[in-house]
Amino acid sequence: MRSASLKVDPKLLEPIADRAWPAAEQLRMGGWRLNASVGFSQRINACWPLGRPDRRAPAAIEAVERWYAARGLAPRFKLTDGATAPRTLAQQLEKRGYQPRNRTLVMVGPCKGEGDSGVLIEARPDQAFEAVFTATAGGNLSDARERLDALRRIGPPAFFARIEGEDGPAAIGASAVEGEWAGIFAMRTAPDHRRKGLARRVLSSLMQAAAWEGATRAYLQVEADNAPAIAMYQAAGFATAYTYAYWVTGA
């Protein structure tokens with residue numbers, strides 16, 4: 001399958017991605033978006049400086065640090081290529097001891113999929129969906145609960161896909177649709193069912209469901225060092241549109 005066009009403006013897509021994965025608590029400081037939850041999922045525990053803040057950058061950075069400290073969280077900035085304001089923010093953060101971590105690819109592709117009678121699609125995450133998510137959390141139940149809470153906050157239209165194995169739920173994935181875009185999240189496969197092509201089937205079914213809602217393009221985030229996942233998404237027609245990294249201290 002051919003890759004989608006990479007002509008994607010991160011200034012337009014990033015706000016959609018922010019709304020698609022809702023934090024428990026949010027604050028706007030002009031063009032800066034502050035997200036806070038429990039502290040595990042970085043996207044909902046970071047400041048997204050997509051536009052100019054409502055004060056000078058040094059004061060804005062200090063305000064962000066105070067806001068996260070008040071919630072018992074370490075400050076974290078999500079700096080996106082082509083959608084960070086001001087443009088000198090990375091240099092200002094570096095002077096304060098911040099360093100980039102977890103380089104992540106934003107990949108986009110055509111929202112085209114095929115029907116699969118073996119993939120169940122629901123409007124909300126059910127117990128079976130949650131069971132796979134928890135089983136793939138590496139034993140960190142607090143992390144799993146935070147991410148499941150975020151999934152429950154996704155507004156309609158949203159889709160939650162699941163494949164059942166002979167011994168129970170085997171693979172899951174979720175999609176949030178806004179306009180022409182479908183965001184792909186929570187792609188997980190139970191340990192005993194990996195390398196069977198289940199993730200590809202879940203992805204295809206999610207994109208078909210999103211296309212029925214009018215989506216024409218899909219996006220997802222994947223860490224730059226996750227070569228197997230990147231290869232799977234490339235095979236499905238996705239290509240890297242831009243990247244981002246989290247800037248943190250003490251790492």
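This is a predicted model: local features need pLDDT of at least 70, side-chain atom pairs count only at pLDDT 80 or more; totals for chains, interfaces and linings use all residues.
1. Phe77 is buried, and Tyr98 is buried as well.

2. The structure contains 9 aromatic pairs. One of these is formed by Phe77 and Tyr98: the ring centres are 5.5 Å apart and the planes stand at 85 degrees, so the pair counts as edge-to-face. The cut-off behind that label is an angle over 60 degrees.

3. Where do Phe77 and Tyr98 lie in the chain? Phe77 belongs to strand S4 (residues 77–80). Tyr98 is in the loop between helix H3 (89–95) and strand S5 (99–110). The two residues are 21 residues apart, and their pair links distant parts of the chain.

4. Phe129 and Phe160 make another pair. Their ring centres are 5.5 Å apart with the planes at 85 degrees, so this pair is edge-to-face. Phe129 sits in helix H4 (residues 127–135) and Phe160 in strand S7 (residues 158–165), so the pair ties together parts 31 residues apart in sequence. Are these two residues buried or exposed? Both Phe129 and Phe160 are buried.

5. Which residues do ring pairs link into a cluster? They are Trp21, Trp181, Phe185 and Tyr219. Trp21 also has a charged group over its ring: the charged end of Arg43 sits there, 5.4 Å from the ring centre.

6. A lysine is placed over a ring too. Lys78 lies over the face of Tyr244, and its distance from the ring centre is 3.9 Å.

Technical notes: Residues are numbered from 1 along each chain as its sequence is written. Side-chain values use heavy atoms; hydrogens and water are left out. Rings of Phe, Tyr and Trp (its six-membered ring) pair if their centres lie within 6.5 Å; planes under 30 degrees apart count as stacked, over 60 as edge-to-face and the rest as tilted. Helices (H or I, at least four residues) and strands (E, at least two) are DSSP runs, numbered from the N terminus. Buried means under 20% relative accessible area, exposed over 50%, partly exposed in between (1.4 Å probe, protein chains only). A charge sits over a ring if NZ of Lys or CZ of Arg is within 6 Å of the ring centre and within 35 degrees of the ring normal.
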